[in-house]
Amino acid sequence: MSSVTRLDQEISELPRSRGHWRNVWARFRRRRLAFISLILITFIYLLGIFAPVIQTHDYQETNLRRTQQGPSAENWLGTDRAGRDIYTRVVWGIQTTVIITVSTFITGSLFLGVTMGLFAGYFRGWIDAVIMRIGEVVSAFPDILLIILLAATLRPVIVEFARSVEDSTGMSGLVSSGVVDYVVIGIALLPLSWFGMMRLVRGQVLVLRDAEYVQAARAMGTSTPRILFRHILPNVVSPIIVSVSFGIGAVALSEVVLSFFGLGVQPPRPSLGVMIGEVTARGGASVSVLRDHPEQLLAPIIVVWLLIFCWNIVGDALNDVLNPRSR
Amino acid sequence: MLAYILRRLLWTPVLLALAAFFVFFMGTCAPGDPAELRLGNRATPERIERERERLGLDRPILFQYAKYVNGILKGDFGDSYHYQGRPVLELIAPRLWVSMQLNIAALIVAVVIGLPLGFYAAKRQGTGRDPAIVISMLILYAMPVFFTAPLLILFFAVQLHWVPAAGWGGFFSLQIILPALTIGVPGAAIFVRHMRASTLEVIGQEYIRTAHAKGMSGFVVNYRHIARNALLPILTIMGFTLAGMFGGSLIVELIYGIPGAGRLSLDAIFQRDFPVLTAFVLLGAGMLVVANLVIDVAYTIVDPRIRLQ
């Protein structure tokens, strides 16, 4: 047997190396609490996505003969003051959360935050200075106050705009479909989402732009967009994932707070925040509701609670798994 | 160092002016004509026109902004639309004072619970107690105030009659306990997290091993060598936490019926009283910026190793 074939044989007997992401997944799965949290999050989000299929009633349907009922076979989580089915409204509320979280993260944090961070870190100079100063102004405000102000002032402007689009195109139902609410909330949450992500990416890029492999790519005449998106971006993905997983809970909670104040999703479209706001009469009746009809308050709150808790646990675990140096 | 502080001091007014412009601009986008809102429904078009002129609403926006800033410098944030021309500052100041007292009480709760727990968790790393503390604090942190506030009232006020259920009686009254706990306990979770991380970092340092090797007592090493050094990074977090609480106290004030800034700003939203709302946001921003500046400077004094640039 020649030495070459023996070498081949030896190589084939070595354990196959797994890819980076499979390693990450294997390490993540070993964290029991984080793994359970991820399953719970997936389950909750699936409830929201399949809301039209798994609903037992219509979310608007009122039944004045069955108001404020406790849980029963007909209404799994009971009914609210107007006799609407709480289970149905909760799953639709989750759908609202899913839509808002996904759209806010794709537009604000991932699109705006990541590209601005790449540009600021790579080009430095005045681009960096301008982006950073804008960010400083935006982050000078207490989050919730800014979000409330934006939502309150922008809503009429955006609703007006949507109406004019409806009139000129002959399309109808744009305002009533709730899309406008999502746009309002998305824009109001922008200041919360983009700056943190931008600063994170910028910091990473500042280090990577002088890395040898980037210098090599530049020396070979690689175009700037290619360097940014093919060479630098893949190396920033890990911190981005960690940051997103920590941020999702905060965004979900902000939507709940906005809708609670009546500035977010508008009835009849259900949202967890709208449900909490309606049932407690915007805070005033919290105590009596918790005493007399706890399920009406607890149903939406437990979902919010679980989402925030689970995302934090998952974020922690991802941080350990993806950035081993930070431990 | 001095140059850094000077630069920060010069940038702060610019930052606040830009923030003010942003808020002012949002205010002008707001629906409703201020002149109409002031005069009510029965005003004739001529009177509205005259009022617009009197308020300077017919002038360019930059001119209006200059007027607004000029007013702020003299302590005049404009007049409320809703409370028939009462100066905004007169409405806000007492409310803001209440909110500040509440938030300071909450910060005390958060620090008193959070720092020792975080330190303890770090010292017990590797045992079951460390994750138990971290996870139970996270559970409390994630619990929405919509639930914790009525739960505390129901238990401590309605069932046990230990404290009054709601209302406001000043910083040294029994009424402040429940709202301060409602805001402070989730805040403590943030301190636990950071104090734990920073203690773990210090424990790994060589001078700690040296101190132990010298035969110093565990108590002295814990408090003089570890805790003191671990506290340094916590200073920065205090600023952020206070700012975060300021937002969180809006809902808590509503549920506990506390006449703070939260109640007034919520009313301002629904009455379209934008001068009040913008003043709030602006004052909030001002406090946050100044607090962060103070903390940054304090940092260099407490820790001489840090040289800001």
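Colleague: How many residues does the contact take from chain A and from chain B?

Modeller: Contact here means heavy atoms within 4.5 Å. By that rule, chain A puts in 42 residues and chain B 44 residues. Before we go on: this is a predicted model, where local features need pLDDT of at least 70 and side-chain atom pairs count only at pLDDT 80 or more, while totals for chains, interfaces and linings use all residues. Residues are numbered from 1 along each chain as its sequence is written, chains are lettered from A and ligands numbered from 1 in the order in which they are written, and side-chain values use heavy atoms, with hydrogens and water left out.

Colleague: What is the area buried between chain A and chain B?

Modeller: Interface size is often given as the accessible area lost when the parts come together. Here we use a 1.4 Å probe and sum the loss over both parts. For chain A and chain B that gives about 3,900 Å², with carbon and sulfur atoms giving 86% of it.

Colleague: Which residues form the salt bridge?

Modeller: Look for a side-chain nitrogen of Lys or Arg within 4 Å of a carboxyl oxygen of Asp or Glu. The count between the two chains is one: Arg193(B) with Asp316(A), whose closest N and O atoms are 2.7 Å apart.

Colleague: Which helix gives the most to the side of chain A that touches chain B?

Modeller: Helices are DSSP runs (H or I, at least four residues), numbered from the N terminus. H7(A) gives the most to that side, with 11 residues.

Colleague: Where does the charged end of Arg133(A) sit?

Modeller: A charge sits over a ring if NZ of Lys or CZ of Arg is within 6 Å of the ring centre and within 35 degrees of the ring normal. Arg133(A) has its charged end over the ring of Trp11(B), 5.4 Å from the centre. Within chain A, Arg209(A) lies over the face of Tyr122(A), at 5.5 Å from the ring centre.

Colleague: Are Phe24(B) and Tyr68(B) buried or exposed?

Modeller: Buried means under 20% relative accessible area, exposed over 50%, and partly exposed in between (1.4 Å probe, protein chains only). Both are buried.

Conventions
Buried area is the accessible area (1.4 Å probe) that two parts lose on being put together, summed over both. Helices (H or I, at least four residues) and strands (E, at least two) are DSSP runs, numbered from the N terminus.
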